[in-house]
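Hello,

Here is the structure I promised to hand over. Please look through it first, then read my notes below.

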Amino acid sequence: MTTQAEVRHLSDSAARHVLARHGTDAGRRTGWLMISTILIEAWDLYAISFLLLFVKADLNPSASMLGLASGAVQLGALIGAVCGGWFADRFGRRKVFITTMALFVVLALAQSFVTSMWELVLVRFLLGLPLGSDISTGYAYIMETMPKGKREVMGNRWQGMFGLGEIAAIAVVTGLYLSGMDHSLLWRIGLGLGALPALALLIGRLDVPDTALWLIQRGKFRQAKAVARKMFGDDLPMLPDEDFRIERPRTRDFLAGIWKDPVRRRSSVFAWISNAMQGAEFAAFAFYLPVILVLTGVSGIGATNFITGAIYVVATVSGFVAPMVTPRLGHRGVARWGFGTAFLSLLLAALFLHLDWKWLVPLAAGGLMWGHYWAASNGMTIASMVAPSRYKATASGFGYIFVKLAAFVTIFFFPIMFESLGVPLATVIVSVLSLTGYLAATYVLPEVYGYVEQDVEQDVRQDSRQDPQQDPQQDEESGAAGRPPKSPAKERT
């Protein structure tokens, strides 16, 4: 009779095998479907930043209520990321992403029918729940259906997809504004339109199965073999053609599993710092950029949308360049260049605003967005990539907490700080966030490009380390979760 330990050994062996396989067209399609979630989030998250002036004129909120309405979706996404990741690890990826996208369609439409600021705050909070959940599930899919190197490039594309969503939002809002539409109707349509791409994405995902890795970890070997054959062209011959019940891992062991390995620990700590810094950095200056440009007299409403659209075109190009250069620069290089550029650009923006050199502010904002999209590209990728396979979605959701918590706090408080201190000084304070990210990339993050985690039971690791007969190569494979590869630049030289 097969024991639980033997089944777990088969499961871990198959999981390592899957993580090292090359993908097929099906795996790449799944990766694109999951990263496309960012388009939906970007639309809803940042369409409102171009509609705040119309919301303010229609519903007359206070500065704190306006910040709460903008940040409520971030708070909801924070909770959704945690719960969604846990549900995806426990009940399967597919059930979660189908449910969350259906909820998003309904709630996005509900925004168009609110009658007060409190209703708008409540709907946007609820909307954040499926939004955060879908991100954590999507990253688990990417890391589990694509091969090493390629899964990192796909994960790093999230900022490029953000840029496309933001450009689409700007284009639609500008078109609605130029059409002469009543402003009280304009912001409602602008927010509600997010349901259309969400519905299209939901339909495109209906035939996507659970990942082979999750099925393996749950002992559903027959279904795992079928999915692996489709995704990787491999039917996992090491697994039997029958299912077994495997005891579920305890969620409370998630952080302990990360903390025991130095590579996982340092990489995860960097990812959390990076996510928090880039989330706050963007939510302050960049999120409120349309309002800043209008209120400081840089441009009027119509011109502001065109200027902001041009800035986001630059940002989108940056978002797709970052994953292209990741194999050459590594994750450390991309993060350092990104945070460093954002830091300098924020200081320049503060200086130009202080000196009233208004025509230079958009140039500094363009530099900020180029750097930000590099800096923000790999935090979620790293958090998900280095996590134990049985906690992939939980790790993705936990990493996303830092983005959303920082964004919520910053979006809520920046208008207050803006009114109290003025934009130049507030911008200098925001630049400290970018500097923190740069220092974390320099002194905390090990180079983990090409990382493949080795996920085996802790008691097996301890036994192998205590065994003096243990083969060194086998110890390296079953011990720490994969040593960090050499820097891509060093390997090339």
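First, a definition: axes are lines fitted to C-alpha atoms, for helices over the stretch in contact, and angles run from 0 to 180 degrees between N-to-C directions. Helices here are DSSP runs (H or I, at least four residues), strands are E runs of at least two, and both are numbered from the N terminus.

Now the ground rules. This is a predicted model, in which local features need pLDDT of at least 70 and side-chain atom pairs count only at pLDDT 80 or more, while totals for chains, interfaces and linings use all residues. Residues are numbered from 1 along each chain as its sequence is written, and side-chain values use heavy atoms, leaving out hydrogens and water.

**Overall**

The protein has 23 helices and zero strands. Of its 493 residues, 58% are buried. Buried means under 20% relative accessible area, exposed means over 50%, and partly exposed lies in between (1.4 Å probe, protein chains only). The protein exposes about 19,100 Å². Carbon and sulfur atoms supply 64% of that area. The areas come from the Shrake-Rupley method with a 1.4 Å probe, and for residues only the protein chains shown count as cover.

A contact means heavy atoms within 4.5 Å. Take the contacts between residues at least 6 apart in sequence: 84% of them join residues at least 24 apart.

Look at α4 (residues 63–91) and α6 (residues 117–145). They pack at an angle of about 35°, and their axes are 5 Å apart. The crossing of α4 and α6 is right-handed.

**The cores**

A nonpolar core is a set of buried Ala, Val, Leu, Ile, Met, Phe, Trp, Tyr and Cys residues joined through side-chain atoms within 4.5 Å. The largest has 98 residues. Those touching the most other members include Leu120, Trp158 and Trp187. Helix α6 gives the most to this core, with 11 residues. Beyond its neighbours within four places in sequence, Leu120 contacts Val55, Ala69, Val114, Trp187 and Leu191. A second, separate core has 16 residues, among them Ala14 and Met231.

**Single residues**

Ser274 sits in α14 (residues 262–286). Ser274 counts as buried because its relative accessibility is 1%. Setting aside residues up to four places away in sequence, Ser274 touches Phe339, Ala375 and Gly379.

Val423 belongs to α20 (residues 423–443). Val423 is buried too, at 3% relative accessibility. Val423 and Ile292 are 131 residues apart in sequence, yet 7.8 Å apart in space, C-alpha to C-alpha.

Gly257 is in α13 (residues 254–259). At 19% relative accessibility, Gly257 counts as buried. Gly257 lies 7.4 Å from Pro388, C-alpha to C-alpha.

Finally, two loops. Most residues other than glycine have a negative phi. Asn60, not a glycine, has a positive phi of about 50°. Asn60 lies in the loop between α3 (37–59) and α4, and counts as exposed at 61% relative accessibility. Asp356 has a positive phi near 65°. Asp356 lies in the loop between α16 (301–354) and α17 (361–375).

Best wishes

Methods
Left-handed = near helix turned anticlockwise from the far one by under 90°.
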